[in-house]
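Thanks for passing this one along. Here are my notes, in the order I would go through them with you at the screen.

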Amino acid sequence: MPDGLKYLLIFIAVVVAYTIAKVISYVRQSDRQWKRVDKSKLKKWEDDEDD
């Protein structure tokens, strides 16, 4: 395998791993923030039904 291709594949793998790590980090951060929200102040929406 040519050296250039090897480095390109390594770079792509690093970018994919970094992206997955960031997404997981953002999901965890969102989860923590949602648990801290005062849910009593959220507006309750009723489903609109056209009968």
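The points below go from the overall form to single residues.

1. **Model and fold.** Please keep in mind that this is a predicted model. The secondary structure is quickly told: the chain has 1 helix and 0 strands. That helix, helix 1, covers residues 3-36.

2. **Overall dimensions.** The C-alpha trace spans about 65 × 35 × 10 Å along its principal axes. For the radius of gyration, the chain has 22 Å, whereas a compact globule of 51 residues would come out near 10 Å.

3. **Burial.** What share of the 51 residues counts as buried? The figure is 0%. The chain exposes about 5500 Å², and 59% of that area is supplied by carbon and sulfur atoms.

4. Is Val 16 buried, partly exposed or exposed? Its relative accessibility is 43%, so Val 16 counts as partly exposed. The reasoning rests on the cut-offs: partly exposed is the range between buried, under 20%, and exposed, over 50%.

5. **Tyr 7.** Tyr 7 also belongs to helix 1. Here the relative accessibility is 58%, and therefore Tyr 7 counts as exposed.

6. **Lys 39 and Trp 34.** Lys 39 is found in the segment after helix 1. Its charged end sits over the ring of Trp 34, at 4.6 Å from the ring centre. Lys 39 counts as partly exposed because its relative accessibility is 40%. Lys 39 and Met 1 are 38 residues apart in sequence, and their C-alpha atoms are 56 Å apart in space.

7. **Aromatic pairs.** How many aromatic pairs does the count give? It comes to 0. The rule behind this asks for ring centres within 6.5 Å.

Technical notes
Residues numbered from 1 in each chain as written. Predicted model: local features only at pLDDT ≥ 70, side-chain atom pairs only at ≥ 80, totals over all residues. Heavy atoms only, no water. Helix = DSSP H or I, 4+ residues; strand = E, 2+ residues; numbered from the N terminus. Buried < 20%, exposed > 50% of the residue type's maximum accessible area, 1.4 Å probe, protein only. Phe/Tyr/Trp six-rings, centres within 6.5 Å; stacked < 30°, edge-to-face > 60°. Lys NZ or Arg CZ within 6 Å of the ring centre and 35° of its normal. Rg over C-alpha atoms; globule rule 2.2 N^0.38 Å. Areas by Shrake-Rupley, 256 points an atom, 1.4 Å probe, with all protein chains shown as cover.
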